[in-house]
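Okay, thanks for coming, everyone. Let me put the model up and then talk you through how the pieces meet.

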Amino acid sequence: MNRFEYIRPATVADAIAALNETAARALAGGTNLVDLMKYDVAQPSRLVDINRLPLKSIEITSGGALRIGALVTNTDLAWHPDVREKWPMLSSAILAGASPQLRNAATTGGNLMQRTRCYYFYDPSTACNKRQPGSGCSAIGGVNRIHAILGASDSCIAVHPSDMCVAMAALDASVEVEGPEGKRSIPMSGFHRLPGVEPERDNTLKVGELITSITIPEPDFGPYHTYLKIRDRLSYAFALISVAAALRVKEGIIQDVRIALGGVAHKPWRDSDAERSLKGERAGTQSFAQVADCILRDAKGQGDNDFKIELARRAIVRALEQAAAGTPQDQADKSIH
Amino acid sequence: MSVGEIAHIGRSTSRVDGRLKVTGQAHYAAEYPADDLLYGYIVGSTIATGRIASMDLDAARRFPGVVEIFTHENRGKAAWLDRSWRDEVAPPGRPFRPLQSDRILFDGQPVALIVAETFEVARDAASLVRIAYDVDAHCTELEAKRAEAYVPPKKRSGIPPPPDPRGDAEQAFQDAPVKISRDYRINAEHHNPMEMFATTCVFEGDGKLTIYDKTQGSQNAQGYVTSVFGLRSKDVRLINHYVGGAFGAGLRPQHQLFLAVMASLELERSVRVSLTRAQMFHIGYRPDNYHSVSLAADRDGRLQSIMHDAVASTSHYEDYQEAVVNWSGMMYHCDNVKLTYHLAKLDTATPCDMRAPGAAIGVTALECALDELSYELGIDPLEIRRINFASKDENTNKQFTSKALLECYSEGAAAFGWEKRSPKPRAMKEGRELIGWGVSTGMWDAFLQKAQATATLKVDGTLEVATAASDIGTGTWTILTQIGAEAFGLPLQDVQARIGDSTLPMSPVEGGSWTAASNGSAVQAACDAVKHSLFKHARKMANSPLADASFEDVEVRDRRIFRKDDPARGLSVFEVMHAAELPEITEQGKVSPNLRQMLKYISYTHSAVFAEVRVDEDLGVVRVTRVVCAAAAGKILNPKTARSQILGGVVMGIGMALHEEAMTDHRLGKIMNANLGEYHVPAHADIEDIEVIFVDEKDDKVSPLGVKGLGEIGIVGTASAVANAIFHATGVRVRDFPITIDKILNSPRPS
Ligand SMILES: Cc1cc2nc3c(=O)[nH]c(=O)nc-3n(C[C@H](O)[C@H](O)[C@H](O)COP(=O)(O)OP(=O)(O)OC[C@H]3O[C@@H](n4cnc5c(N)ncnc54)[C@H](O)[C@@H]3O)c2cc1C
Ligand code: SF4
């Protein structure tokens, strides 16, 4: 861990000014950043502690959307009464992640910005294009049980590890940011990116930009949703595969569907073509299996993670079954129904 | 109720050190303060084999606050002969010497120690060290070395090699009507106790050191320090009052002990060195291992042939050994047995004992194979174990001092409801989950080791008992206090145990589940000696009411010594000591194994483990919903701490079955998941009901206390019970541990 300058601005403007330097980093809950510093993976010159900024509120906008301040903790968000009532899929996804202690510290902005859990990324003695551009990707041909099956590149096969973001992707959230050039709103689908030839860039946030809030419209699928997470132990492990699914069905016919996958790609994975193909179909295991095949049509394993393709297929089907039945997975219940 | 009526032995008693631990008053090795303390941070090699070509230390040296950087070029003086580096439990070979030369033997090997005024400075400076290596080819993959496996030429002391073959196992296998041959593998595991290894070496001046070390044996570690650095025994005191778990990793001195003492002697200052969690993966580990097991039976299920070959990993510099296959020759009655055990050298650190070393893996393989055979035979898996019950140890032809295994089977089965099991796999289901029930036998040594203790009765009637034992979370503080309290009829708070200090009476390392039996018996012997002495003084007193009594006639309770047949006739401890002008009475107690008896008898702890799993039919997600562990472990000193030991073992067994796995990138020779986020052990959600049953077992031979020890039996048989339950649930047999989702999904489905 290196020496760094530490500042704690009181206003968003001051924070943005302090962040306008390539090696400056915002410090929120610190649950990811501090670990990365201890591993010498992140070596910020300046830590901008944003915990004093007024970004801690959860509001319902006049249009009925949920606006979440970037510093709202994962715990506060998951247990907020409005969120539990109207955005239960979000609550469920958050509770599927990490541990209560981590969720107490982790923030909404930090969760969006958390970095991959690729083993090599965390070990500075190995080659990793994401950590050190141009050095190579050790995960290809290496230990890659938790790596991508969709959207990977020859430069990087890492996945984005968040659960919360998968639900946000399914819920068509947008990320509100503020930077030296002003404010902008980035749709969730455009926030995280695929690795391509620039795996060092996880997302489309620019230098000096700060996430201020996340906005999520009110969903219209009632109880017909679920968040299903499959992992190597029953709690406190990142997703091998996770599925956020929601449906609107009328007289057995699918009107609308959203399927977002976690643990499979460098970003929460949504496939609008596949979703569209399900509209007008009769809800049932057969159509669910078809859409799973469609989503996974270009899936590619890397060796250790080959099994994730079949596992993803089955998890998509199960999640859609749960959603169609209006019986979302309860994260406190470790048996999957 | 008077104190005299309370029996401490056999009574559920909370840990006497529990309060100190939960209030942070129990200090661990890295928590002792010292004046002008320096902090050492270890820089590890980033390659698996080769040589250090050059080191650039300039930036680190210039870093403000850095005091010294030790490498192989300036390491302080230490012993030359391998013999001097060998600790009590070292396997044959050449013990690793930190910073000895430019040779790299394994990834993460310490190559430099940065010593600085603060931990943070040392860690920061460590990131500035640049090292160039000449890299050699390495191999960390056991599979690749299986063909080169060899029988270790020199045996590790205390570890019985496989017994000679008996009968003709191959022929019997050929001839038998029902048989199976299967291969199993159990991945390497890392101990990962909560407390990281750490040493605080306090430089006292006058050539004296006080060392606070995380170790399972203060005297073993103290002996290592004096021998490696050529110090006089009386100048080095080593303390390990509290140990935050160890599971065997603390049996041998770890790198940080050498490095802290070396730096302290060189710099003539106190030095602390702690390992990071990642560095904890570069010390000993449970070896990677493969098994080939062949079993054959007649149609009634009687075993006709047992063949078990195991290959386990070791390092290039030591032949680490465990008793892996021996269990297969004594768990069951069989006339034709052939057991072989091989090692294969990998470019890793030397493995080391981990909870139930040998048995945890060997028994797992055997018990899975026996389960497979039971299905071939169409015999209930519990029944086949009963059918083949061994009434003596057929490896050595000795009698068991006790073996209440049949009671474990019946009491465990009753508690579990085994009779309701439907014999066919995939026959039980609820919702989307397939339900399976599996069983396994467990077995572990019941050792008695040489140990000594003292007991001191104070004039106020309170007692102190002392022995250099360690409490690695097992409850040693508590049971020794109980034994003292029982002997003198005192409440627990009037008894002070002293352990965890090399200056106390001789003790073996805390391992092998022998501490309760060995140190406990030594404490009891010391207490007896004190009572004798008290009686002698009491009888000598003028007009003593005990003048005509013999020792057998008296009892010591409630700070009095009195006649059993007339409790009113007696004296207070105070009166006796006062008359004898003694401030206290101290006596010694000793135990050692009864060699005569050992010619005829042998002692083991046994268990029967029953597991229920629920496996999602499509997704392969496994839940272990119930475990019943019925153990026969002689006398139970403290049912509460005893139960905790079994619970911990069962949890670790579930981890072996489903989670624990060092994921090595064999191209790099590196463990990639060297942290507790990615190296999985069971989380709370993975653990549901665990029921512990202690079956009644009287044993007057195993140890003077009748105690067998419980630290390890809980893990033995648990992984196999879970694996067998998974087969029963799914019809899928996974022979590669841990049994993760991918292996269940990839295994051929039963038709
Ligand atoms: C052992 C372990 C297990 C975990 N398991 C899971 C899991 O199962 N599922 C899951 O989803 N997550 C899991 N997590 C990850 C956890 O959710 C993240 O660490 C957490 O959400 C990060 O939030 P934070 O506030 O602590 O971020 P920090 O560590 O403070 O910051 C992370 C990054 O975000 C940046 N940042 C923070 N806030 C802002 C902002 N407002 N604008 C711009 N940049 C910002 C920081 O500069 C930094 O680069 C786990 C973490 C650990 C350590
Ligand atoms: S997958 Fe990405 S993060 Fe992992 S080693 Fe390759 S480049 Fe680095």
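When I say domain, the bounds come from an automatic or database domain assignment. For chain A that assignment gives domain 1 (5-49) and domain 2 (225-324), and their centres, taken over C-alpha atoms, are 36 Å apart.

Some housekeeping. This is a predicted model, where local features need pLDDT of at least 70 and side-chain atom pairs count only at pLDDT 80 or more, while totals for chains, interfaces and linings use all residues. Residues are numbered from 1 along each chain as its sequence is written, chains are lettered from A and ligands numbered from 1 in the order in which they are written, and side-chain values use heavy atoms, with hydrogens and water left out.

On to where the two chains meet. Contact here means heavy atoms within 4.5 Å, and on that basis 38 residues of chain A touch 40 residues of chain B. Together the chains bury about 3,300 Å², with 59% of that from carbon and sulfur atoms; buried area is the accessible area (1.4 Å probe) that two parts lose on being put together, summed over both.

One pair to look at is Arg145(A) with Asp742(B), which form a salt bridge with their closest N and O atoms 3.0 Å apart.

The contact draws 21 residues from domain 1 of chain B and 22 residues from domain 2 of chain B. Between them those domains bury about 1,800 Å², 62% of it on carbon and sulfur atoms. On the domain 1 side, Pro91(B), Pro92(B) and Phe281(B) supply 34% of the area buried against domain 2 of chain B, more than any other three residues.

How many salt bridges link domain 1 of chain B and domain 2 of chain B? The count is 2. Elsewhere on my list of charged pairs, Arg252(B) forms a salt bridge with Glu318(B), with 2.8 Å between the closest N and O atoms.

Last, the cysteines. With a disulfide taken as a pair of cysteine sulfur atoms within 2.5 Å, the count over all chains is 0. Take Cys408(B): it's in no disulfide, and the nearest cysteine sulfur, from Cys629(B), sits 8.0 Å away. Cys408(B) is also buried, at 0% relative accessible area, where buried means under 20%, exposed over 50% and partly exposed in between (1.4 Å probe, protein chains only). Cys201(B) is buried too, at 0%.

Notes: A salt bridge is a side-chain nitrogen of Lys or Arg within 4 Å of a carboxyl oxygen of Asp or Glu.
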